[in-house]
Amino acid sequence: MSDFLVVGGGVIGMMLARELADAGADVTLIDRRECAQESSWAGGGIVSPLYPWRYPPEVTALANYAQDFYPRLAEELLEETGIDPEFIPHGLLMLRVADQADALAWAEREGRNVEQVDSAFLYEKEPDVAPGFDQALWMPKVASVRNPRLGQALRASVLKRKNIRLLENTEVTGIFHEEGEVLGVQGKQMVFAAKQTIICAGAWSGPLLQEAGLETSIKPVRGQMIVFKAEPGLINRVVLMDGRYLIPRKDGRILAGSTLEYVGFDKDTTEDALVSLKETACQLLPALRNCEVEHHWAGLRPGSKDGIPYMGAVPGYRNLLVSAGHFRNGLVLAPAATRVMADQLLKRESEIDATPYQPSVRLAAG
């Protein structure tokens with residue numbers, strides 16, 4: 001029997017399994033597919049909430065910790081596995097922001113770097129952005145990571161640890177418990193047992209917890225994205241306008257995203273979204289009209305009220321915990337989510353107050 005059973009091999013599940021294993025625990029990590037093939041793969045990889053001042057302080061506290069942690073994590077993974085997550089601190093330019101005063105006040109309060117810049121600064125940084133913008137907001141320390149490669153590096157890291165048992169393509173059908181004591185999870189043909197079970201299954205966490213009688217706000221939210229095949233240097237920074245963004249990769253490809261759709265567990269792509277994403281991207285960066293759309297895909301975010309995740313013990317059960325509901329910021333918040341959960345599981349004092357994320361608190365708040 002494992003000390004810990006982590007259900008869900010996304011970025012958060014893999015980071016948590018590594019942390020627990022490095023503390024000496026025996027860990028089983030289960031995923032319904034291969035690791036990091038759902039929202040961890042499908043997102044854009046911006047290591048910041050979009051318009052971070054619009055989020056509640058509970059999200060800001062996690063984001064601040066995680067953003068400061070990511071450079072070290074990327075270095076460690078590259079050294080350990082030889083896989084480069086492509087963590088690039090190239091900055092974020094935000095155009096047509098209506099609540100700039102709120103952004104600047106938030107930045108001063110939180111000690112984060114947000115600057116109001118003029119058109120000369122903007123077009124010096126990104127000369128191919130569409131003409132006509134007279135100002136922008138600039139966050140120079142915002143980075144991006146190539147999330148599929150981050151997932152590959154984390155998976156390789158997990159496989160190096162002899163005290164992690166990785167079970168991929170293994171479907172979990174329910175939580176196995178007797179009189180409120182959770183003994184593990186039910187698979188199609190067997191029970192996987194552990195002393196403590198942690199649900200980190202992204203959008204699929206909601207149904208699993210619902211099967212155990214717990215109604216949460218965790219719902220699937222579809223996001224569609226496209227990638228343009230472009231030459232390196234067309235843009236060199238993340239550019240955001242009206243909720244849509246462009247993200248450059250080292251090889252020149254440019255990601256454009258994303259939609260926000262409440263359509264259940266439907267991961268189909270749509271022609272309407274393709275047209276909309278392409279048109280918005282080309283309005284922002286006209287040179288993309290000459291670039292091929294190489295791929296169009298969709299993923300399912302684990303939506304939650306206000307984007308505040310559930311992280312802690314599940315009320316009504318013993319030995320069952322959850323880390324889910326990170327909504328659009330799963331990858332952004334992953335290092336902080338790992339710290340919050342690992343500290344609870346290993347009975348360590350944490351530098352992040354876990355109280356606001358406890359399921360009992362989140363459920364009481366509605």
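Helices (H or I, at least four residues) and strands (E, at least two) are taken as DSSP runs and numbered from the N terminus. The model is predicted, so that local features need pLDDT of at least 70 and side-chain atom pairs count only at pLDDT 80 or more, whereas totals for chains, interfaces and linings use all residues. Residues are numbered from 1 along each chain as its sequence is written, and side-chain values use heavy atoms, with hydrogens and water left out.

Two residues other than glycine with positive phi lie in loops. Asp-306 is placed in the loop between β14 (292-303) and β15 (310-313), and its phi is near 65 degrees, a positive value in a residue other than glycine. With a relative accessibility of 48%, Asp-306 counts as partly exposed; buried denotes under 20% relative accessible area, exposed over 50%, and partly exposed the range in between (1.4 Å probe, protein chains only). Ala-36 occupies the loop between β2 (27-30) and α2 (39-42). The phi of Ala-36 is near 60 degrees, again positive in a residue other than glycine, but Ala-36 is buried, its relative accessible area being 5%.

Helix α1 (residues 11-22) has twelve residues, and the distance from its first C-alpha to its last is 16 Å, close to the 16 Å expected at 1.5 Å a residue. The expected span of a helix is 1.5 Å times one less than its number of residues. Ten of the twelve residues of α1 are buried, so the helix is largely enclosed by the rest of the structure. Among these buried residues are Val-11, Ile-12, Met-15 and Arg-18. Gly-24, which follows α1, has a positive phi near 100 degrees.

Ala-334 belongs to helix α9 (residues 330-345) and is buried, at 0% relative accessibility. When residues up to four places away in sequence are not counted, Ala-334 touches Val-11, Ile-12, Met-15 and Tyr-70, where contact means heavy atoms within 4.5 Å. Between Ala-334 and Val-114 the separation is 220 residues in sequence and 23 Å in space, C-alpha to C-alpha.

At 1.5 Å a residue, the 25 residues of α3 should span 36 Å, which agrees with the 35 Å between its end C-alpha atoms. After α3 comes Gly-82, whose phi is positive, near 80 degrees.

Grid points are joined across faces, edges and corners, and a volume is the space filled by probe spheres set on the points.

The volume of the second largest pocket is about 290 Å³. Its lining comprises 17 residues, of which Gln-67, Asp-68, Arg-112, Lys-141 and Val-142 are the closest to the pocket centre. Helix α3 (residues 57-81) gives the most to this lining, with four residues. By residue class, the lining of the second largest pocket holds nine nonpolar, five polar and three charged residues; Ala, Val, Leu, Ile, Met, Phe, Trp, Tyr, Cys and Pro count as nonpolar, Asp, Glu, Lys and Arg as charged, and the others, Gly among them, as polar.

One cavity of 30 Å³ or more is found in a search of the whole structure. The largest cavity has a volume of about 40 Å³. Elements giving two or more residues to its lining are β12 (244-248), β13 (254-257) and α8 (271-284), and α8 provides the largest share, four residues. The lining of the largest cavity divides into six nonpolar, two polar and one charged. Gly-257 is one of the lining residues, and a cis peptide bond with omega of about -15 degrees joins Gly-257 to Ser-258. Ser-258 itself lies in the loop between β13 and α8.

Conventions
1 Å grid on protein atoms, 1.4 Å probe; cavity = no way out; pocket = protein on both sides within 12 Å on 5 of 7 lines; lining within 4 Å.
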